[in-house]
Every structure is written in C-alpha cells, then in structure tokens.
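Grab a pencil and get ready to work through a few exercises on a protein fold. Try each task yourself before reading its solution.

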Amino acid sequence: MRPRPTNCRRLLCNSSRTSLSRSSGSDVGALNAGVNALTAINTDCRTGGYSHELQGLSIAIKDNICTSSLPTTCSSAMLYQYQSPFDATVVRLLRDAGARIVGKTNCDEFGMGSLNLNSVHGAVINPFQAQTASDVSAARTVHRSAGGSSGGSAASVAAGICDAALGTDTGGSVRLPASYCGVVGLKPSYGIISRWGVVSFADSLDCVGILGKSVSTVKRVFDTVAVYDPRDPTAATTDLRERARPFDDSFLSMIASTHKSRFLEGLRIGIPLEFFPSELDPSVVNALRPVLRRLAEAGATITSVAVPATLYALSAYYVIASAEASSNLARFDSVRYGHRTVTPPGVTILKPGEIFAYSRSASVGKEVQKRILLGTYALTADAFDNYFLQAQRVRLHVRKDFNRVFRHPCALLAQHIPPMEGVDVLLHPSAIRTAPPLDRSEPGHEYLQDIMNVPASLAGLPALSVPAGKGDDGWPVGVSVVGQWGCDDLVMCVGKAIEDIC
C-alpha cells in the first residue's frame with residue numbers, strides 16, 4: 001500500500017510534472033504496431049505554445065477531434081483522409097500550453113460502439129496483454145478489447161505511447177476503455193470542456209474526456225482545457241462555473257486539510273444499489289470490496305443509496321443518442337462532406353436521394369447505419385411521443401434521483417435544497433466485467449457494456465474511472481467516482497485517494 005496523501009489539492013496539482021514518454025515518431029510506430037491504437041502519427045516532435053503548463057507532456061487525440069496537422073477520419077470510410085482546416089479548441093489549448101501531439105487515436109466509427117470493433121482502421125488490441133502473457137507464444141495469445149469508443153486513446157496511454165490522451169464520452173466511451181486498459185479516465189461535467197471542433201455524435205451527451213496513467217496527469221490536462229469557450233453553444237458559462245466552485249472548494253478543504261491517518265474524515269460516499277445488476281461479474285465486486293474497506297479505514301462514511309430511475313437509463317440513452325446521431329450525421333451525404341461513391345449504371349444524378357443512399361451505404365458501417373435508422377424512426381410522427389419524449393422523461397427522472405442523493409446543491413438549478421444526509425460522491429464498478437476477448441460475439445453484448453456508465457452521462461455529471469485491482473482472470477478492474485455537476489475537482493480528489501490506498 002502506498003502512503004496516504006497529506007494534502008489532496010497539492011498532490012493533484014503538483015505531482016506528475018515530468019513526461020512519462022518522450023518517444024520519437026519511429027518509437028511511437030513500434031509501440032503502436034501491436035495494439036493498433038493510432039490512426040496517424042505526428043512525425044514533428046517540436047512543441048510550441050507560449051506557456052509551459054504542459055511542457056514535455058505527450059498527448060494523443062481521438063480521431064473525431066479536429067486537428068489541422070493530421071487527418072480526422074472518425075475511423076470511417078466516409079471521411080477517409082479528411083483534413084480539417086482548423087484545430088478544435090481543446091487541441092489549440094494543448095498546443096498553446098506546450099504539449100506535444102503524438103498522433104490521432106483509433107475509435108469506433110463516429111464514436112458508436114463499446115468494444116472498438118466498428119472502425120475502418122481495424123480493432124484496437126488491449127495492450128495489457130503484454131504484461132499478463134509475456135511468456136505465452138503469439139499463436140496462443142488471446143487478444144482482448146480495449147473498450148470503446150475511445151479504445152485507441154486508452155490503449156495509447158496503457159502502451160506507453162503517450163502520457164495522456166483525449167477521448168470523447170457519450171455514454172461511457174472514456175470510462176469503459178479506462179477500466180479495461182487499467183488507466184484513469186475522466187468524463188467531466190457536461191459543458192465544462194469545449195466541444196467546438198469535435199465531430200458530433202449526440203450533442204446533449206457528448207463530452208471531451210481525458211485519459212492518463214494517473215489522476216495527477218489527468219488533472220493537469222483538465223486544468224488546461226476546462227475553460228469557457230464562447231464558440232461552443234453548450235459550454236457552461238463563467239457564472240455557472242463560479243457558482244459551482246464554492247460547493248466544490250468547501251468539501252475539498254474538508255477532506256484535504258488534515259495530516260491524520262483518517263484523512264477522509266467527513267467524506268460521505270454512496271453506493272448505488274441499482275449499479276449491481278445480475279450481469280455484473282462477481283470478480284468485479286470482489287475487487288471493489290477492498291477499496292471500500294480502505295476508504296472506511298481512511299475515515300470516509302460508506303452508505304447505500306437508491307437511484308431507481310437509472311434502471312431505465314440504458315434504454316433511454318439509446319433512443320436519445322440515436323435520434324441525435326441521425327440528425328448530426330445527415331451532413332455526411334457525399335456532397336457537403338464525405339466520400340462520393342460512383343453510382344451504378346441506370347441511376348440518374350438528377351435524384352440526389354439515390355446518390356446519398358449509395359454513398360452512405362458504401363461508406364458508413366453497419367453499426368452506424370443501424371443507429372441512424374433507429375434514431376430516424378424515433379423522431380417520426382408515429383413514434384416521437386412513445387419513444388423520444390418518453391426517453392427524455394426518463395432522463396429528467398434520472399437527474400432528479402441524483403439530485404436527491406447528493407448533499408451538494410446543483411448549480412444548474414435556480415433553487416435546489418440538497419438533503420442534509422446526502423452523500424458527496426457515488427462509487428460503483430466502471431464495467432460489468434474485465435475486458436472481453438475480441439473474437440467474442442454475443443447478441444446485445446456490446447450494448448450491455450454501457451449499463452454502468454450511461455446514468456452519469458444522461459445527468460451530465462462528472463465521473464472518473466480509477467484502476468482498483470484485478471479480476472479473477474488477472475485483468476484490470478476499474479471503479480467510478482461520480483459527483484454533482486461542477487464538482488470535478490472533488491471527484492478527482494477522491495479518485496486520487498483511491499489511487500493512493502489501492
């Protein structure tokens with residue numbers, strides 16, 4: 001067991017100040033060869049910027065975040081070799097802070113998937129295999145999934161290709177890969193990090209997330225990119241951020257102001273009963289129990305809570321996300337954006353609908369097609385009330401349930417009186433199992449992976465997945481810390497405590 005931190009804020013802000021990997025382009029290529037984590041490698045090792053907050057830090061960027069110096073394909077044939085004329089806000093902030101961009105990371109096509117199998121660049125292989133089976137011949141090695149959709153980002157960090165990576169999280173796409181690959185993954189509060197320059201999947205759910213080897217590295221990147229961006233219409237305003245800060249700071253000082261062994265005295269941690277479904281692997285629960293015991297020994301109060309509406313969160317998520325995706329992806333019609341397929345004989349170019357259909361059918365994968373069709377149906381006049389509006393009602397109930405258990409006021413509400421006996425954060429497993437084999441195919445299996453992470457996404461809450469040991473098969477298990485909106489620093493502080501005591 002590592003020593004307990006004496007000051008959580010100081011450790012989060014000041015540790016991990018040096019780069020973990022300073023690989024050249026050839027080194028990155030060699031590291032990437034066995035995992036397929038990168039779709040493009042930056043051969044220019046120079047760093048720019050006028051500040052030095054991230055000087056020497058190497059960072060990879062998910063393939064659906066625009067970069068002017070590297071292709072942005074969203075791992076789709078529709079955008080093959082597409083080069084953005086500008087950098088996304090988060091990329092510009094990283095460059096200005098002195099970070100070195102090592103490349104673009106593989107992902108599920110347009111961010112749709114949980115196992116990183118739906119990519120035109122091929123599947124991402126979990127790099128943890130090299131640590132667990134170094135003495136096993138290549139012919140007998142069982143390749144496992146790195147998770148999705150940000151599997152390439154998680155794998156690039158786990159393989160030592162970079163210090164940190166940016167991903168996007170719509171329904172768990174940062175936290176699930178982080179759990180599978182044994183790294184730290186943060187989904188921030190919705191609107192805290194700018195989405196300008198990010199290719200949209202579902203506007204009301206998408207967040208730019210951060211993956212790193214440690215909580216300190218994630219925090220360091222977060223402090224650089226979590227600024228208000230007037231170009232992002234969904235960005236949380238400066239007033240909202242300031243309104244949430246006092247709640248965050250008061251609890252941070254409470255758990256970080258003591259040098260006693262019980263440094264978490266006063267922290268209340270809730271265990272949501274609904275986050276232990278029948279599909280949850282018992283070995284994941286066994287890995288969680290020591291974490292809870294050590295948190296209690298450090299002074300935290302552990303209590304069970306109920307968030308009943310989250311039982312319906314997964315169904316609501318797929319309706320809402322698919323509906324928004326069908327609207328967002330309409331721009332990829334081979335005219336405004338995307339690859340144009342040569343139409344077969346007999347098809348007239350005077351019918352744009354036929355040109356669109358042929359090009360989209362040839363350039364967009366089956367999973368994306370499936371979600372576009374589902375979302376389009378949910379928005380039709382006959383289905384709108386029964387599906388889309390019902391899903392939005394479920395989403396509202398999920399938000400209300402979370403507000404009933406947190407003792408932090410919600411800064412998004414004009415008036416909110418939190419419960420006196422509420423909790424500061426929630427703790428639950430990040431995934432229902434360890435990383436599954438790549439060749440495993442079960443109907444509905446991929447969609448079930450999101451069941452633990454979708455509720456926080458629907459509510460727009462900050463959530464951090466932290467490694468918490470190994471399952472019975474020796475593969476990583478992650479636990480997620482979830483907080484009230486705007487309490488990202490508190491979530492990372494608790495995550496740091498878990499990192500230190502596990």
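Predicted model: local features only at pLDDT ≥ 70, side-chain atom pairs only at ≥ 80, totals over all residues.

Residues are numbered from 1 along each chain as its sequence is written, and side-chain values use heavy atoms, leaving out hydrogens and water.

**Exercise 1.** Work out how α10 and α12 are oriented to each other.

*Solution.* Start by finding the two helices, α10 (residues 313-328) and α12 (residues 366-378). Helices (H or I, at least four residues) and strands (E, at least two) are DSSP runs, numbered from the N terminus. Next, take the angle: about 100°, with the axes 7 Å apart. Axes are lines fitted to C-alpha atoms, for helices over the stretch in contact, and angles run from 0 to 180 degrees between N-to-C directions. Now classify: under 35 degrees is roughly parallel, over 145 roughly antiparallel, 65 to 115 roughly perpendicular and the rest oblique. So α10 is roughly perpendicular to α12. Finally, look at who touches whom (contact means heavy atoms within 4.5 Å): α10 brings residues including Tyr318 and Val319, and α12 brings residues including Ile372 and Leu374.

**Exercise 2.** Find the edge strands of the open sheet.

*Solution.* Write down the order of the eleven strands: β1-β3-β2-β4-β6-β5-β10-β11-β9-β7-β8, with mixed pairing. Two strands pair if DSSP finds at least two bridges between them. The edges are β1 (38-41) and β8 (301-305), as each pairs on one side only. Now zoom in on β1: its pairing with β3 (residues 100-105) is antiparallel, over three bridges. Leu38 stands opposite Thr105 in β3.

**Exercise 3.** Is Asn36 buried or exposed, or something in between?

*Solution.* Locate Asn36 in the loop between α2 (25-32) and β1. Its phi is positive, about 60°, although Asn36 is not a glycine. Then apply the cut-offs: buried is under 20% relative accessible area, exposed over 50%, partly exposed in between (1.4 Å probe, protein chains only). Asn36 has 23% relative accessibility, so it counts as partly exposed.
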